[in-house]
Amino acid sequence: MYRLIDTHAHLEEIENLEQAINQARQARVSAIIAVGSDYESNQKVLKLAEEYQGYVYPALGLHPWNLAKSDLERDLAFIEAHLAQAVGIGEVGLDYDKRVRARADKEQQVTTFRELLKLARSYDKPVLIHSRYAWRDALVLVEQAQVNKAVFHWYTGTSSVLRDIVASGYYISATPAVEYHQEHRRAVREVALERLLLETDSPVVYRRGTQLEYQSRPADVLRTLKGVAALRGTDEAEIAEVTTSNAIRLFGLAEQQDLDQRSG
Ligand SMILES: [Zn+2]
């Protein structure tokens, strides 16, 4: 029986989380990476990781959508101070959508992302990257910072940037949008399975504006799995096995689980 890992969820935004976690366990989800987006949510994901120890693993971040209200010095200091408890840095990155740039321009986004990448490099943590309309710039900054481990989450960028992501040894992750989103489907079809992770980005609403609209939860990583398997024409079991080992290796979850067992 295979197991799954939801490598990107905003757990602190999910209503009735206890129920969502139980559903995830039933859907064979064996771990969840809870990403933080700002100062408050970073505190919340650390708490959730304590509450669901050995199941929820925190990543600490500063989302480009939240830069306008960020106290950068305070937020970076908090992330650095708690990084030992985290399995990664995220959600961080760049977003060149014009509504986002109206709140935090490119320069502010790039400066902040560089600081976060420096932390990732110094502490050797994987980075979970949001890169909407900024795929090439995000990759260039990650490479310049000499970061070893990175995931371009919900990747919808060009094939040429994707080739360079893979050539640099980085990953992309698939969401339930793999069922219908054209650019995302192309990327998930083209990427080497060894460079792919599964996620939900829950509680994101998928198929918005259609009769099939639904609000996602970590259990929906099963939809991601089925979508990827159908698209690539590969067995679900094989996709699950490879992507789960990718996640365990990238985030060091095997060592984490050993530590949890020893301390528990
Ligand atoms: Zn996200």
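## Basis of the description

Buried residues are those under 20% relative accessible area, exposed ones are over 50%, and partly exposed ones lie in between, with a 1.4 Å probe and protein chains only. The model is predicted, and local features need pLDDT of at least 70 while side-chain atom pairs count only at pLDDT 80 or more, whereas totals for chains, interfaces and linings use all residues. Residues are numbered from 1 along each chain as its sequence is written, and side-chain values use heavy atoms, with hydrogens and water left out.

## Buried positions

At 10% relative accessibility, L46 counts as buried, and its place is in helix α2, residues 39–51; helices (H or I, at least four residues) and strands (E, at least two) are DSSP runs, numbered from the N terminus. Leaving aside neighbours within four places in sequence, L46 is in contact (heavy atoms within 4.5 Å) with P58, L60, F78, H82 and Q85. The C-alpha atoms of L46 and W65 are separated by 21 Å, with the two residues 19 apart along the chain.

A247, in helix α10 (residues 236–251), is buried with a relative accessible area of 1%, and, not counting residues up to four places away in sequence, A247 touches I5, T7, L197, G252 and L253. S131 is also found to be buried, at 3% relative accessible area, and belongs to the loop between β5 (127–130) and α6 (135–144). Beyond its neighbours within four places in sequence, S131 is in contact with L94, A138 and F152.

## The zinc site

The zinc ion is coordinated by H8 (NE2), H10 (NE2), E91 (OE) and D201 (OD), at 2.1 to 2.2 Å. Donors here are N, O and S atoms within 2.8 Å of the metal (3.2 Å for Na, K and Ca), and because water is not among the atoms, sites may look incomplete. The four donor atoms subtend angles of 83 to 170° around the zinc ion, which makes the arrangement irregular. Four donors count as tetrahedral if all angles lie between 85 and 135 degrees; four count as square planar and six as octahedral if opposite donors are over 155 degrees apart and all others between 65 and 115; anything else is irregular.

In sequence, the spacing of the donor residues is H-x1-H-x80-E-x109-D. Distant parts of the chain are linked by the pair E91, in strand β4 (residues 88–93), and D201, in the loop between β8 (196–198) and β9 (205–206), which are 110 residues apart. E91 is buried, with a relative accessible area of 1%, and D201 counts as buried at 7% relative accessibility.

## Backbone features

Most residues other than glycine have a negative phi, and most peptide bonds are trans. A cis peptide bond with omega of about 15° joins G90 and E91, and another cis peptide bond, with omega of about 10°, joins S202 and P203. D201 has a positive phi of about 55° although it is not a glycine. W154, in the loop between β6 and α7 (159–167), has a positive phi near 45°, and W154 is partly exposed, with a relative accessible area of 23%.
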